[in-house]
Amino acid sequence: MRELSTPRKWVQIKPSRRHADDRVGPNQTVTVVPNQTVIATGPKPDLVLRDAVSNDIEVVANGDTCLIYDQPLPAGGLKFSDLVAWWAAHPSCPPDLDDPGIARNLYHRLAASLASPPEVLLFRTYYARFKDNPNVIALVPQVYLHYDPLDQRTRGASVNGAPLARQRMDFLMLFSDRKRVVIEVDGKQHYAIGETATPRLYSEMVAEDRRLKLAGYQVFRFGGYELGQPGAEAVLDEFFDEVHSRMS
């Protein structure tokens, strides 16, 4: 992965906090994939389309807090070992680390994007489950499958409103180009404003789920409350085993 000063493609950017204006704050990650993945731990990058024919994207601001994985998606899916190999050559990777140290450093870099305890539990449980398999499919946190240069507040005030109801996904797994898994951890902000349930938010959520499924993504949801209960790790272990079985 090269520095963000060079053009990039297909950005996915995800703040770890759920604010209506989609701003990214400290310790948050931006991730982008088909052929490019952006990982950021700072303010939301400012992007321009440098070449529409080749789909080249350039980060023109806030690039110093972002990383972009720009390697082609392997036929066997995006594995954690692929990310580790990329990270080993990246200038931000601390020098003089052995291979296990590089993997741990990358793991902590990704984990820094997670803000809610349920998300942290899901992330830690996955990598603990497969800690002895460096070639496990990567569980990539805080992903934008779509990117709108305007925040939701500005876009919503425009004449046409927001064209992308939901840009951010909590986790993405790429088993292949055609086997793509999105995992969402739902807090009450997904269906309520404050303490009041809102049918509009729920309707927007399920409508976007339908769109993603028709686009070829498998979408799985966990309730934040569910992951706060005793035995949540066992539930996650069983789920991840089943996902790998079905997608392999």
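## Overall fold

Of the contacts in the protein chain between residues at least 6 apart in sequence, 61% join residues at least 24 apart. The model is a predicted one, and its protein chain holds six helices and ten strands.

Buried residues account for 47% of the 248 residues in the protein chain, while the accessible surface of the chain amounts to about 12,400 Å², with 54% of that surface belonging to carbon and sulfur atoms.

## Packing of α2 against α3

Helix α2, spanning residues 99–111, packs against helix α3, spanning residues 117–129, at an angle of about 160 degrees, and the two axes lie 11 Å apart. Because angles over 145 degrees count as roughly antiparallel, α2 is roughly antiparallel to α3. The crossing of these two helices is right-handed.

On the α2 side the contact is made by Tyr-107, Leu-110 and Ala-111, and on the α3 side by Phe-123, Arg-124 and Tyr-127. Sorted by class, the residues of this contact comprise five nonpolar and one charged, with no polar residue.

## Packing of α3 against α6

Helix α3 also packs with helix α6, which covers residues 232–247, here at an angle of about 60 degrees and with the axes 10 Å apart; α3 and α6 are therefore oblique to each other. The crossing of α3 and α6 is right-handed.

From α3, the residues Leu-121, Leu-122, Thr-125, Tyr-126 and Arg-129 meet Ala-232, Glu-233, Leu-236, Asp-237, Phe-240, Asp-241 and His-244 of α6. The contact of α3 with α6 divides by class into six nonpolar, two polar and four charged residues.

Methods. Residues numbered from 1 in each chain as written. Predicted model: local features only at pLDDT ≥ 70, side-chain atom pairs only at ≥ 80, totals over all residues. Heavy atoms only, no water. Axes fitted to C-alpha atoms, helices over the stretch in contact; angles between N-to-C directions. Helix = DSSP H or I, 4+ residues; strand = E, 2+ residues; numbered from the N terminus. Parallel < 35°, antiparallel > 145°, perpendicular 65-115°, else oblique. Left-handed = near helix turned anticlockwise from the far one by under 90°. Contact = heavy atoms within 4.5 Å. Nonpolar A, V, L, I, M, F, W, Y, C, P; charged D, E, K, R; others polar. Buried < 20%, exposed > 50% of the residue type's maximum accessible area, 1.4 Å probe, protein only. Areas by Shrake-Rupley, 256 points an atom, 1.4 Å probe, with all protein chains shown as cover.
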